[in-house]
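Hi,

Here is the structure I promised to pass on to you. Have a look at it first, and then read on for what I found in it.

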Amino acid sequence: MSASLEAAAPEAATATEDDAPLYAARRKIYPIAVHGRFRRIKWTILIVTLGIYYLLPFVRWDRGPGAPSQAVLIDFPNRRFYFFFIEIWPQEIYYITGLLILAALVLFFMNAVAGRIWCGYLCPQTVWTDLFQAIERLVEGDPRERREKLKHASRGQRAFEAAAKHVLWLMVAWWTGGAWVLYFADAPTLTMQLLKGQGPLVAYAWIGILTFTTYVLAGHMREQVCTYMCPWPRIQAALTDEYAFNVTYRYDRGEPRGSFKKTEALKLAGLPGGDCVDCKQCVAACPTGVDIREGAQLGCIQCGLCIDACDAIMTKLSRPAGLIAYDTEMNVRARQEGKPEQYRVLRPRTLLYAALIVVIGGIMVGTLATRSSENVAIIHDRNPFFVLLSDGSIRNAYTVRLVNKELVERRFSIAVAGVPEARVEVMGEPKEGGLPVVTVGPDQTTEVRLLVSTHTRLPAAASLDVDFTISDLATGASASARDHFKGP
Ligand code: SF4
Ligand code: SF4
């Protein structure tokens, strides 16, 4: 049986807690490859998530002439975010806020059901570290082969393999950074520019930064990020409860541990013998170096690989699988005491999170489905508030911003209500049916200066509520805003 920890660990086995050093040298962890249910789930998620990340910028979405045809695009110069059929304007940033709240609630819900499964399966740090470790095993072999090579392989071969591994890591890291910048510009065009060395400097800078961070975090720091840098394990510990499923060593079944022969002999003699044969394959498979038999630990990311490793051993020994499984400490204790197990997925906290997800998700879908494709904003001139004209009438001036979120040019009339006998003019724009008409280009805003005047005598220091309504001359779709008309 191979152990994976090529440890430089201090001899702490006999040290008391008081003697424990404040600083412990890092143990380098080289997990063995395992096969099984959870490993297959992790491979599937890895392929799907990385496939989406690397390929999504190249997916096209026809938005008509003049509009970008990239399905997912963060268009900083034009201040737009495109996500397939959804287009978010800067003033609609609350959708992004809603999405972040939703993401946090989904994370809480996952945690309430099954602990840190986000960390074990979906977290980018886990996914990229998994990929980097797979490359490492592919080039340098599994931990047993590594140890053999340390003893027998020539320096040249080891150096060649180490160099090959780092080159492959850097290539993955480089493409990770490269894919990131493709979300901010037309991907095929930017790819060609980058390949020809004609890309913008900022793109090269970001690729450099993300290549470096991916290479360091996934290649070198690995489990250190999960154990020491990430705040989620600490927050998660405060949000979980005793009913959440966690990867659990079923010590009621595993202890007392011992060799296969010894425990079989004990069982034959009618004495207690556990199923754990102390092979340490669960530890060897663990990407964070945790021995799950010591109970729940901060370092455990709930990836389930120790379950696969242990199940393989149990199968070989013709013992039932599931010595390590997604379970609860409470159930382990209940079984030990001969009490019934309790599985409560539906409980107040899971129901609350699920309800909040449904409500916030529903609000977001509802507002997206019913949002208008035109808008108007008014700013009253402040200095002066009004002007007295030579013919005795009072005039107020406004800056009007018309928003057209459709991908075709539109013509809007502007009507003003609330000022008696109002005369309305937009400087430099024609009138139709007595109302000024403004043309707004596709997916654009237009700002105009609007003058409203009246001959009617107003009370002293009058401030009238005024409604401004823009109406699409073709479809009749309209939007309104309110401001004031002031007099002397
Ligand atoms: S103890 Fe098991 S579940 Fe936890 S991180 Fe290690 S292998 Fe994954
Ligand atoms: S893999 Fe299973 S049998 Fe082996 S040490 Fe771990 S818990 Fe015990």
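This is a predicted model: local features need pLDDT of at least 70, side-chain atom pairs count only at pLDDT 80 or more; totals for chains, interfaces and linings use all residues.

You will find Val-113 in helix H2, which spans residues 94–114. Setting aside neighbours within four places in sequence, Val-113 is in contact with Ala-244, Phe-245 and Thr-350. Phe-385 is another matter: 272 residues separate Val-113 from Phe-385 along the chain, and their C-alpha atoms are 60 Å apart.

On the overall layout, the protein is divided into domain 1 (37–60 + 123–230), domain 2 (95–114 + 241–371) and domain 3 (374–486). The centres of domain 1 and domain 3, taken over C-alpha atoms, are separated by 56 Å.

Now to the cores. The largest nonpolar core has 25 residues, and Tyr-398, Leu-402 and Leu-450 touch the most other members. Several strands each supply at least two residues of this core, among them S8 (374–380), S11 (410–417), S15 (444–454) and S17 (478–486). The largest share, four residues, comes from S10. A second, separate core of 21 residues includes Phe-38, Cys-300, Cys-306 and Leu-323.

Phe-38 turns up again where two helices meet. Helix H1 (residues 37–55) packs against helix H14 (residues 305–316) at an angle of about 145°, and their axes are 7 Å apart. H1 brings Arg-37, Phe-38, Arg-39 and Lys-42 to the contact, while H14 brings Leu-305, Ile-307, Asp-308 and Asp-311. By class, these residues are three nonpolar, no polar and five charged.

What surrounds ligand 2? The residues around ligand 2 are Tyr-249, Cys-276, Val-277, Asp-278, Cys-279, Lys-280, Cys-282, Arg-293, Cys-310, Met-314 and Ile-324. This shell has eight nonpolar, no polar and three charged residues.

One last stop is Pro-340, in the loop between helix H15 (329–336) and helix H16 (348–370). Is Pro-340 buried or exposed? Pro-340 is exposed, because its relative accessible area of 65% is over 50%. Pro-340 and Cys-300 are 40 residues apart in sequence, and their C-alpha atoms are 27 Å apart in space.

Best wishes

Note on methods
Residues are numbered from 1 along each chain as its sequence is written. Chains are lettered from A and ligands numbered from 1 in the order in which they are written. Side-chain values use heavy atoms; hydrogens and water are left out. Axes are lines fitted to C-alpha atoms, for helices over the stretch in contact, and angles run from 0 to 180 degrees between N-to-C directions. Contact means heavy atoms within 4.5 Å. Ala, Val, Leu, Ile, Met, Phe, Trp, Tyr, Cys and Pro count as nonpolar, Asp, Glu, Lys and Arg as charged, and the others, Gly among them, as polar. A residue is near a molecule or strand if one of its heavy atoms lies within 4 Å of it. A nonpolar core is a set of buried Ala, Val, Leu, Ile, Met, Phe, Trp, Tyr and Cys residues joined through side-chain atoms within 4.5 Å. Buried means under 20% relative accessible area, exposed over 50%, partly exposed in between (1.4 Å probe, protein chains only). Domain bounds come from an automatic or database domain assignment.
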